[in-house]
Amino acid sequence: LLETDIPSGISCIVINGPQIDYYEEELYKIDQFIMKGGNVMFLIDGLNTIGAAAYYNGTPQYVENKSNLDKLLNKYGVKRGYDFVMDKNCFVNTNPQYGKLNLHWAPVLQKGQMPKKHPITSNLGYVTMLQNSSLDATEAKANEDLKVTVLAKSSEESWLEEKLDIVLNPMMIVPPQDTSLLKSYDLALLLEGNFESAYDKTPIFEDEDSEDLDQTSKSSADNMIENAHLSSSKLPGKVFVIGTSYVTTYQVMDENGISPTSMFMMNVVDYLNGNEDLCTMRTKGLSVNVLDLKSPILAELLKYFNQYGLAVIVAIMGLLVWRSRTKRKIRINKKYNPNDERTVSSKEEKKIEK
């Protein structure tokens, strides 16, 4: 972006996992791209490790991933948290030595945590996120010119880990005992509509060639740049924000694009590019009704009921039907052929025996 502008034929750009600040000129070009009706995907981590120096005794050390991209996001009404969102409803890994291990930093989103009527998430039964930071869209929701959709949020049994010395080890992460600390957090947001620019006017950039221009040429050039500045959206745009870049890694995505997270991200790209029909076609038939169970004991009971209870119920119903049919045959025989000597009732058998 320091060498050229964003081409006019581009409808969407992706900013994936930034870890260093952008130059002011780059920020301005991204901002003006949105003002012209462009669409941007922001995938920004709340916490990051930086090189080998970030590791101590083999354990990663985290730092707050502060970025001047927040200058744009804050203006658009989104604030990022420098944290990890932990969730009790998460991916469970089975270890041969330790058994089932809960990866709290990998929330599994199910029904109620994604909008079912939105093209991006409709038909998706579940989506696995990874190392998300929290997002706050309070200001964006208060903006009447913007439509804010929470595409993904954690469950009500989530909490924040803001410690920089946190270790993502399932045996070292314990959910808080105080239930008041548990609540749902926004993980992915979609903003649509008319945005206000993060710049009041075109900023002044240092340019070596500008020293060779005379004062008249400089003034003329400044006027042209100022006239080209857009303080608000000329056309409606779309901004997607998610608090992690790990959703684009091999851990939750596959090269064939058949995992739920892969489809979620591809749907985001298609939606931003105006191809909503592709989202529905891609996920058609994938919707599943997942039981939302908070009690492990109840989950175990339902599991055994599905395995054995249904078979027992079918056997009992079969016996009842057989018994009912037998009684019906006896009633019919007594009504229409009461003198049939071939049929001997149980009472008559007892009389004969006596």
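Lys71 and Glu24 form a salt bridge, with their closest N and O atoms 2.8 Å apart. Lys71 sits in helix α2 (residues 70-76) and Glu24 in helix α1 (residues 24-35), so the bridge ties together parts that are 47 residues apart in sequence. Lys71 is partly exposed, at 36% relative accessible area. Glu24 is partly exposed too, at 32%. The model described here is predicted.

## Salt bridges

Side chains of opposite charge can pair when their charged atoms come close. How many salt bridges does a search of the whole structure find? It finds nine. Three of them are set out here.

| Pair | N to O distance | Relative accessible area |
|---|---|---|
| Lys71 and Glu24 | 2.8 Å | Lys71 36%; Glu24 32% |
| Lys66 and Glu64 | 3.5 Å | Lys66 52%; Glu64 38% |
| Asp270 and Arg282 | 2.8 Å | Asp270 10%; Arg282 26% |

Take Lys66 and Glu64. Their side chains meet in a salt bridge of 3.5 Å, N to O. Lys66 is exposed, with a relative accessible area of 52%. Glu64 counts as partly exposed at 38%.

Next come Asp270 and Arg282. Their closest N and O atoms are 2.8 Å apart. Asp270 belongs to helix α5 and Arg282 to helix α6 (residues 276-283), so this pair ties together parts that are twelve residues apart in sequence. Is Asp270 buried or exposed? Asp270 counts as buried, because its relative accessibility is 10% and the cut-off for buried is under 20%. Arg282, its partner, is partly exposed at 26%.

Salt bridges can also share partners. Asp5, Glu25 and Lys29 are joined into one network in this way.

## The chain as a whole

The protein chain has eight helices and 16 strands. It holds 354 residues, and 38% of them are buried. Its accessible surface comes to about 21900 Å². Carbon and sulfur atoms account for 53% of that surface.

Contacts reach across the sequence. Among contacts in the chain with a separation of 6 or more, 74% are between residues 24 or more positions apart.

Which residues form the positive surface patch? They are Arg323, Arg325, Lys327, Arg328, Lys329 and Arg331. Arg331 is placed in helix α7, which covers residues 296-336. Arg331 is exposed, because its relative accessible area is 55% and the cut-off for exposed is over 50%.

A nonpolar patch also lies on the surface. Phe305, Leu310, Val312, Ile313, Ile316, Met317 and Leu320 make it up. Together they have about 630 Å² of accessible area. Val312 is placed in helix α7. At 49% relative accessibility, Val312 counts as partly exposed.

Where is Tyr246 placed? Tyr246 is in the loop between β16 (237-242) and α5 (260-272). Tyr246 counts as partly exposed, at 23% relative accessibility.

Tyr246 and Ile44 are 202 residues apart along the chain, yet their C-alpha atoms are separated by 9.2 Å. Leaving aside residues up to four places away in sequence, Tyr246 touches Asp45, Asn48, Leu130, Gln131, Gln251 and Val252.

## Two loop residues with positive phi

Phi of Gln131 is near 50 degrees, a positive value in a residue other than glycine. Gln131 is in the loop between β11 and β12 (135-136). Gln131 is buried, with a relative accessible area of 9%.

Asn123 is another case. Its phi is positive, about 75 degrees, although Asn123 is not a glycine. Asn123 lies in the loop between β10 (99-109) and β11 (127-128). What is the relative accessible area of Asn123? The value is 23%, and Asn123 is partly exposed.

Terms used
Residues are numbered from 1 along each chain as its sequence is written. This is a predicted model: local features need pLDDT of at least 70, side-chain atom pairs count only at pLDDT 80 or more; totals for chains, interfaces and linings use all residues. Side-chain values use heavy atoms; hydrogens and water are left out. Patches are made of residues with over 30% relative accessible area and no salt bridge: like charges are joined within 9 Å, nonpolar side chains (Val, Leu, Ile, Met, Phe, Trp, Tyr) within 5 Å. Accessible areas come from the Shrake-Rupley method with a 1.4 Å probe; for residues, only the protein chains shown count as cover. A salt bridge is a side-chain nitrogen of Lys or Arg within 4 Å of a carboxyl oxygen of Asp or Glu. Lys and Arg count as positive and Asp and Glu as negative; His and the chain ends are not counted. The place of a charge is taken as NZ of Lys, CZ of Arg, CG of Asp or CD of Glu. Helices (H or I, at least four residues) and strands (E, at least two) are DSSP runs, numbered from the N terminus. Buried means under 20% relative accessible area, exposed over 50%, partly exposed in between (1.4 Å probe, protein chains only). Contact means heavy atoms within 4.5 Å.
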